[in-house]
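Please read it alongside the sequence and the model.

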Amino acid sequence: MNAVRSRADDLEKLCDFTRSTSLLDLHQKPGPQLAALVQSIFELNAAAIFDADLNEVYSAGESFAETENAVRNVYFFETVRDNPEIGLVCRVLRIGNLPIGALLLRGEIGEGVSNALPSLIAITFDRYHALANETRTEIARQTERLRTTVLDSLAHAYKTPLTAIQAASSGLSEMGNLTPAQAALISLIGEQAHLLNTLTTRLLKTARLEAHDLALHAEPVAIAPLIDDVVASSRENLSSLFVNIVLSPDDISVVGDRELLGAMLTQLVDNAGKYASAGTTVTIKAAEQSSAILLSVHNRGPAIPETDRERVFDRYFRSSSILNHAPGTGIGLSIAKHAAQAHGGDVWVTSDPRHGTTFFASLPVALQGAQPQ
């Protein structure tokens with residue numbers, strides 16, 4: 001019984017660590033954050049991580065002699081061993097077959113956890129370095145079309161196995177007679193498969209929106225049914241909230257690409273649903289102002305610091321003030337920004353603790369030079 005309880009505790013902590021890594025601000029080095037998370041969540045005496053790309057060691061908890069050299073040696077000599085007598089665990093961090101760092105732990109930890117942690121940490125480092133490389137490198141215009149084509153192919157290739165994983169996870173859940181640990185694992189598989197599916201779709205949309213040769217399918221779009229469709233698709237995020245829709249006039253419409261406008265509004269509504277305090281109201285407004293349509297989504301929840309209000313629309317950025325409030329990828333608001341700009345419009349945000357947070361999107365009534373199709 002104690003062994004079962006121990007495995008269940010390890011699984012719960014591993015799930016907590018997995019969710020925590022998805023909330024990290026990857027504009028900062030993840031090493032110190034990861035070392036602190038590993039040490040605190042798994043209640044270890046010490047944790048040390050070596051990032052070979054940056055040639056840096058990060059540690060948390062009690063220090064011990066030769067910590068830095070020890071974890072570096074694990075990487076250079078690819079040492080993978082456990083020493084139960086002193087509670088020492090050594091693992092190499094890998095992406096595929098490529099070693100990218102090392103992990104050293106001191107304390108009591110289950111074998112399953114010690115084998116899973118290196119992969120989770122390595123994936124987080126890989127995400128950070130990918131973002132850093134993107135920030136440092138200005139992608140040439142010629143590569144945009146190629147990237148879109150490649151991502152489109154990958155997205156369709158990923159959809160099939162992801163669908164199979166989700167179906168298998170659901171099937172196992174419906175079989176019943178599962179232990180709590182088994183049920184938690186299956187739930188985690190389904191949750192992460194859903195996240196991958198969402199992330200793949202959003203990355204594909206972002207690549208297409210950033211392409212210089214993006215062609216919009218211009219047509220008259222009635223705002224009222226567009227908002228209704230978006231609210232219906234976001235019902236999970238809005239389940240604990242009230243929704244108020246205000247149109248002025250009631251038959252307000254705009255000429256644009258309905259799919260992109262729907263994607264833009266969906267990101268704003270989903271974002272409001274994630275960060276709104278339970279039991280409050282999310283207000284969606286659309287108003288005609290001279291030659292523009294102004295859309296806004298308001299919620300009451302944590303305020304966005306003034307220094308973050310421009311950056312929240314950057315890809316992968318997540319405000320440090322709300323990192324622990326809701327999971328996310330930092331891609332959604334980037335999609336909203338590019339969708340608005342593709343229509344000749346723009347987005348911005350206002351936020352303060354007293355009045356709440358409001359995201360705005362301004363769109364021209366008609367696309368310049370575009371004819372309804």
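1. Leu88 stands opposite Arg106 in strand 5. The strands involved are strand 4 (residues 88–95) and strand 5 (residues 98–106), which run antiparallel and are joined by eight bridges. Strands (E, at least two residues) and helices (H or I, at least four) are DSSP runs numbered from the N terminus, and two strands count as paired if DSSP finds at least two bridges between them.

2. The model is predicted: local features need pLDDT of at least 70, side-chain atom pairs count only at pLDDT 80 or more, and totals for chains, interfaces and linings use all residues. Residues are numbered from 1 along each chain as its sequence is written, and side-chain values use heavy atoms, with hydrogens and water left out.

3. Axes here are lines fitted to C-alpha atoms, for helices over the stretch in contact, and angles run from 0 to 180 degrees between N-to-C directions.

4. Contact means heavy atoms within 4.5 Å.

5. Another open sheet has five strands in the order 7-9-10-12-11, and its pairing is mixed. Its edge strands are strand 7 (242–248) and strand 11 (346–352), each of which pairs on one side only. Within it, strand 10 (residues 292–299) and strand 12 (residues 356–364) pair in the antiparallel sense over eight bridges. Asn299 stands opposite Thr357 in strand 12.

6. Helix 7 (residues 223–233) packs on that sheet, touching strand 7, strand 9 (281–289) and strand 10, and its direction makes about 165° with that of strand 7. Helix 8 (residues 258–275) lies across strand 9, strand 10 and strand 12, running at about 20° to strand 10.

7. How do the axes of helix 7 and helix 8 cross, and within what distance do they come? They come within 9 Å and cross at roughly 50°. That makes helix 7 oblique to helix 8, since angles under 35 degrees count as roughly parallel, over 145 as roughly antiparallel, 65 to 115 as roughly perpendicular and the rest as oblique.
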